[in-house]
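Here is a briefing for a reader who is new to this structure. Please look over the sequence and the model first, then read the points below.

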Amino acid sequence: MTTGGPILRLDRVTMRFGGLKAISDLSFDVAPGELFGLIGPNGAGKTTAFNLITGVYAPTQGTITFEGTRLNGLRPSRIARAGVTRTFQNIRLFASRTCLDNVCIAAHMHSGAGLADAVLRTPRFARDEKRMRDEGRALLDLMGLLAWADTRAVDLPYGQQRRLEIARALAGKPRLLLLDEPAAGLNPQESDDLMHLMQSVRRDFKLTLLLIEHDMRVVMGICERIAVLDYGIKIAEGTPEEIRRNPKVIEAYLGEEVEADLGSGA
Amino acid sequence: MRGALGIVATLLVLAGLDFALNRAINPYIFQIVMLCGINVILAVSLNLINGFTGQFSIGHAGFMALGAYGSAMFSLGIGGKWAAGLAAAGLPAPIATGVPLAVALVIGGLVAAIAGYLVGLPSLRLRGDYLAIVTLGFGEIIRVIITNVEWVGASRGLPGIPGWTSFFWVGVGVVGVVALSLNLANSTHGRALFAIRDDEVAAEALGVNTTGYKVLAFVIGSFFAGVAGGLFAHYLSYLNPNTFVFLKSIEVIAMVVLGGLGSVSGSVIAAIVLTVLPEVLRPVKEYRMVIYSLMLIVLMITRPQGLFGYRELRWPFRKAAPGTRT
């Protein structure tokens with residue numbers, strides 16, 4: 001790890017899908033422990049940026065480094081093992097598995113028990129399973145999901161599914177957590193609770209958070225720094241105050257809408 | 001220690017059953033029992049690929065054929081000499097034939113497993129229908145090659161394979177594949193397989209090496225298909241490439257789907273039901289397969305998730321799930 005440097009750096013990253021430039025020349029640094037927001041109108045390339053960081057796509061140009069390691073071309077599971085996990089905008093839980101299993105699946109990458117241990121049920125396997133289940137239960141407890149531990153993920157109410165996605169991502173013991181619209185579809189009260197929870201989680205787990213969010217109230221309220229994307233281009237970066245006042249941002253994205261949002265959300 | 005005791009106890013029970021069944025039931029029923037066992041191994045092993053991991057493979061007959069011919073060629077060459085040598089050394093028949101059979105089954109399994117690895121590789125890129133077509137092609141290629149290779153009897157088939165398969169060895173195969181599947185299912189590796197089935201993108205993003213596990217499922221699944229093929233070869237003493245047509249693969253798929261994708265006990269029971277059913281229906285003669293097909297249709301309409309869905313058969317008196325009882 002490079003001490004003092006950014007935990008995540010995007011350096012002139014470009015992503016082309018055929019003729020379409022989903023991301024062009026995107027650069028930003030995220031400092032360790034920071035809560036960094038990524039905003040922009042629909043189709044601005046936010047989720048594409050997440051997919052690039054987590055290795056779902058390899059960037060056409062540019063480099064992405066995490067703790068000094070180049071992530072380009074690594075497969076997503078390698079990147080997860082390196083310490084970057086994520087949630088998904090369109091919930092992607094392991095629907096047929098229980099909540100506890102969902103969390104344990106993400107803990108799999110830290111499991112030391114091999115295939116032979118599992119088939120032969122060695123003591124090491126038993127220890128490892130118990131540790132995973134204990135840690136999984138602790139995480140479910142933290143996210144307020146312990147009562148649902150043995151419920152299949154698909155049977156969970158929507159809000160709880162969102163929380164389970166976060167619990168699952170945390171079970172991977174990340175140092176950088178990417179949250180893709182974690183508050184989508186939640187009511188203002190739920191999204192407030194969730195954001196407070198995320199802040200305490202960030203402190204307790206010494207996490208760096210990268211957040212995509214549509215709810216301006218949420219983004220402005222908790223992010224320390226924000227980058228704004230529009231048509232795949234970064235048009236602004238700064239503190240919430242700076243973003244709020246930036247004329248380019250207002251023109252591209254916020255405009256009257258944020259006024260309305262701020263008015264109705266309070 | 002408990003594990004070792006369990007294995008010894010299981011082997012003793014199987015040996016006892018072997019002794020009893022050979023004497024107690026008529027040869028026709030016995031043959032159905034043996035075919036049930038072989039089909040259970042096939043269904044449970046395919047369930048590892050199609051049920052656990054959600055890869056749609058329709059080439060299971062190909063793996064079975066490789067195991068059958070691989071083990072048969074061993075027995076016709078080296079294995080037969082071993083058996084003769086062991087018998088000459090004064091060992092009782094079950095041991096004199098059991099040792100070479102065990103080696104033949106492992107060889108058959110390994111031949112199939114290597115093929116499973118090679119077929120698993122394209123599965124890194126393909127999924128769903130596309131993978132199904134690849135495995136279909138693979139199964140057909142195996143069959144056509146066997147039909148044309150003089151060394152293994154070509155289209156005439158391969159006669160004279162020693163009939164070493166006993167109830168005991170079929171039982172070992174069944175218990176082996178079922179125990180392995182259940183232990184796998186209730187482990188972090190099994191969870192990784194299920195995660196791939198439910199959502200491959202999410203599994204990969206959360207650190208599951210989806211490529212490795214997909215190939216692993218293919219390798220283990222095809223190993224046991226090979227073992228089943230080996231048991232089959234040494235039971236009938238004669239192999240014909242036409243046994244391993246596409247329809248055989250479909251038969252195994254029907255068992256897995258009917259049992260419930262991912263459910264080990266479902267695969268076991270469905271394999272037994274679908275093996276016994278055509279025999280039970282023998283009295284209705286030419287309408288046999290019509291009724292068989294109709295029953296499949298009705299079963300799938302009434303229970304689209306399979307007999308067992310995702311669940312496993314449990315003892316009713318056992319605690320259902322941790323936390324439900326205080």
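The contact between the chains takes 33 residues from chain A and 25 residues from chain B. This is a predicted model. The predictor gives the complex an ipTM of 0.87 and a pTM of 0.88.

**Domains of chain A**

- Chain A is divided into two parts: domain 1 covers 1-83 + 175-266, and domain 2 covers 95-173.
- The centres of domain 1 and domain 2 of chain A, taken over C-alpha atoms, lie 27 Å apart.
- Nine residues of domain 1 of chain A are in contact with eight residues of domain 2 of chain A.
- H2 and helix H7 (188-205) of chain A each supply at least two residues of the domain 1 side that touches domain 2.
- H7(A) gives the largest share of that side, three residues.

**Helix packing in chain A**

- H5(A) packs with helix H6 (residues 158-171) of chain A. Their axes come within 9 Å and cross at roughly 140 degrees.
- H5(A) and H6(A) are therefore oblique to each other.
- The crossing of H5(A) and H6(A) is right-handed.
- H5(A) brings Glu135(A), Gly136(A), Leu139(A) and Leu140(A) to this contact. H6(A) brings Ala167(A), Leu170(A) and Ala171(A).
- The residues of the contact of H5(A) with H6(A) divide into five nonpolar, one polar and one charged.

**Helix packing in chain B: H2 and H11**

- Helix H2 (residues 27-52) of chain B packs against helix H11 (residues 264-280) of chain B. The angle is about 140 degrees, and the axes are 8 Å apart.
- H2(B) and H11(B) are therefore oblique to each other.
- H2(B) and H11(B) make a right-handed crossing.
- From H2(B), the contact uses Ile32(B), Leu35(B), Cys36(B), Asn39(B), Val40(B), Ala43(B), Val44(B) and Asn47(B).
- From H11(B), the contact uses Val264(B), Ser267(B), Val268(B), Ala270(B), Ala271(B), Ile272(B), Thr275(B), Val276(B) and Glu279(B).
- The contact of H2(B) with H11(B) has twelve nonpolar residues, four polar and one charged.

**Helix packing in chain B: H4 and H9**

- Helix H4 (residues 93-120) of chain B and helix H9 (residues 210-236) of chain B pack at an angle of about 145 degrees. Their axes are 6 Å apart.
- The crossing of H4(B) with H9(B) is right-handed.
- The residues of the contact of H4(B) with H9(B) divide into 17 nonpolar, ten polar and one charged.

**Confidence**

- Chain A averages a pLDDT of 88, and 94% of the residues score at least 70.
- Which parts of chain A have the lowest and the highest confidence? Helix H11 (residues 255-265) of chain A is lowest, at a mean of 47. S6(A) is highest, at 95.
- Residues 262-266 of chain A stay under 50 in pLDDT. For this stretch the model has three contacts beyond four places in sequence.
- Chain B averages a pLDDT of 88, and 95% of the residues score at least 70.
- Residues 317-326 of chain B have a pLDDT below 50. Beyond near neighbours in sequence, this stretch has four contacts in the model.

Definitions and conventions. Residues are numbered from 1 along each chain as its sequence is written. Chains are lettered from A and ligands numbered from 1 in the order in which they are written. This is a predicted model: local features need pLDDT of at least 70, side-chain atom pairs count only at pLDDT 80 or more; totals for chains, interfaces and linings use all residues. Two residues are in contact if their C-beta atoms, placed from the backbone, lie within 7 Å. Domain bounds come from an automatic or database domain assignment. Helices (H or I, at least four residues) and strands (E, at least two) are DSSP runs, numbered from the N terminus. pLDDT is the predictor's confidence in each residue, from 0 to 100. Axes are lines fitted to C-alpha atoms, for helices over the stretch in contact, and angles run from 0 to 180 degrees between N-to-C directions. Angles under 35 degrees count as roughly parallel, over 145 as roughly antiparallel, 65 to 115 as roughly perpendicular and the rest as oblique. A crossing is left-handed if the near helix is turned anticlockwise from the far one by less than a right angle, and right-handed if clockwise. Ala, Val, Leu, Ile, Met, Phe, Trp, Tyr, Cys and Pro count as nonpolar, Asp, Glu, Lys and Arg as charged, and the others, Gly among them, as polar.
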